[in-house]
Amino acid sequence: MKDLTGLFQSLGLDPATLAGGAHAVRSPIDGSEIARLAPDTPGDVGAKVARAQDAFAAWRRVPAPVRGELIRLFGEELRAHKDGLGELVTVETGKILEEGKGEVQEMIDICDFAVGLSRQLYGLTIASERPGHKMMESWHPLGPVGVITAFNFPVAPWAWNFALALVCGDPMVWKPSELTPLSALACRNIFDKAAARFGAAPDDLLQIVVGGKQAGEALVDDARVPLISATGSCAMGRAVGARVAARLGRSLLELGGNNGMIVAPSADLDLAERAILFAAVGTAGQRCTSLRRLIVHEEVYDALLPRLKSAYASVAVGDPLDPGTLIGPLIREAAYDKMRATLETVAGEGGAVFGGERVLAGELPGAYYVTPAIVEMPGQTETVREETFAPILYAMKYRDLDDAIRIHNGVPQGLASCIFTTDLREAETFTSGVGSDCGIVNVNIGPSGAEIGGAFGGEKDTGGGRESGSDAWKSYMRRATNTINYSNELPLAQGIRFGDDS
Ligand code: UN1
């Protein structure tokens, strides 16, 4: 691994505080240890939540557009640190630099969105059935928000939550993946710069929890945290959702995907091929939105598959800091083991496997680089219905659109989906209520790489949460319904008379 001292210092990470702790941080680029941090105990987490409550008491009194000014400054600081933070994301996750920087751009974009939003936290006015009465809805800050994020997108999904929560008046306690805590600490340092320029921000608007499951559970179980927003696997979400529900808290869950693409007979195959490559191979198949299932009409299957295989065979796998690389390493050995085991299982289920081999093992024995895999499947088996977080693309044939939609929706997850077609009827059917059952439904673009302006999330085992754009901000506020009587009478709703003879 190259010397990271300069990069760490540019992001305010003091090498002295990154040594000696029990929690080792490794780079998947070569498997080397890049830091050792002191993990938080459950008691530390509780103390952080108490400080977040103090911050909330002050921050909720600040007018929302003034809170927006802090996020505007944060966006400026992110612009200044885009290259450095993008590089750190690459070092910690193994995604290529272009994608590391893209993730930081996604943070900048949500800051811009949140600044405008800070003047648009609109409520409704509602016609009252009673004379001289007015009804309205108002939105108020909710309280400290607990956020749990995954290794594969260590900064952008956090920023979707943070930029919105902060303009909504909520401080945050953030537990990043134990695999990527340095990116989180760098974000806090960048935010601290914005807060210093802002001047009047209370302390502890953003606190980081370093640790694994135990620290996460302490945050999830803390009744002083009204909202837990968690990104990760369906298994994680099931556990978090149940714990938060047990204390009647709110949860916002962003869980696994098993994202499909239907390629129809009229599809533009050049576009489809490029979209498949970015969505299935990009980020080494480690996006929640990665393309995992290709459902191809039998008329175009034999035209598309050979093209894909030759593109797969020539894709550059290697050092994600090298500008020529398109696929970096898997996050760790366990991810590689899972990929290999899955490929063996689907081969046993009748799948024809192309690619999926480990490379660079001689030079980099502690790192797990693979060629991406295409598996031609005779049908949608149980293994295909599971999400494997690796670059495996299952290809299946279909005969008519109903059949394709049935295969498409026949999985437990419901995050992102798309159809490639130039037939208006097919496109509209896929995006209609009887089409894709996912939260993200696209036409002639792949399932991944969403913009921040839309609500991001999915249905079924994906957890139902929506983050980022549109009206996702409502999750971070509480709604009050107000009825105001400006008359001299006290009429009751539903015309009820109560102890008066008039
Ligand atoms: C994730 O993988 O958890 O739509 C988030 C996308 C990105 C976000 C992915 N904007 O692929």
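So, what share of the 502 residues in the protein chain is buried? Buried residues make up 50%, where buried takes 20 or more other C-beta atoms within 10 Å of a residue's own, with C-beta atoms placed from the backbone.

Quick housekeeping. This is a predicted model: local features need pLDDT of at least 70, side-chain atom pairs need 80 or more, and totals for chains, interfaces and linings use all residues. Numbering starts from 1 along each chain as its sequence is written.

Okay, overall shape. The radius of gyration, taken over C-alpha atoms, is 25 Å. A compact globule of 502 residues would come out near 23 Å, so the chain agrees with that; the rule is 2.2 Å times the number of residues to the power 0.38. The C-alpha trace spans about 85 × 60 × 35 Å along its principal axes.

Now the sheet. The chain has 14 helices and 23 strands, counted as DSSP runs: H or I of at least four residues for helices, E of at least two for strands, numbered from the N terminus. Five of the strands make an open, parallel sheet, ordered 7-6-5-8-9, and pairing needs at least two DSSP bridges. Strand 5 (residues 145–148) and strand 6 (residues 172–175) run parallel, joined by four bridges, and Ile148 has Lys175 as its bridge partner in strand 6.

Last, the ligand. Residues around the ligand include Glu106, Asn152, Arg287 and Cys288, "around" being a backbone-placed C-beta atom within 6 Å.

Note on methods. A residue is buried if 20 or more other C-beta atoms lie within 10 Å of its own, exposed if 12 or fewer, and partly exposed in between; C-beta atoms are placed from the backbone.
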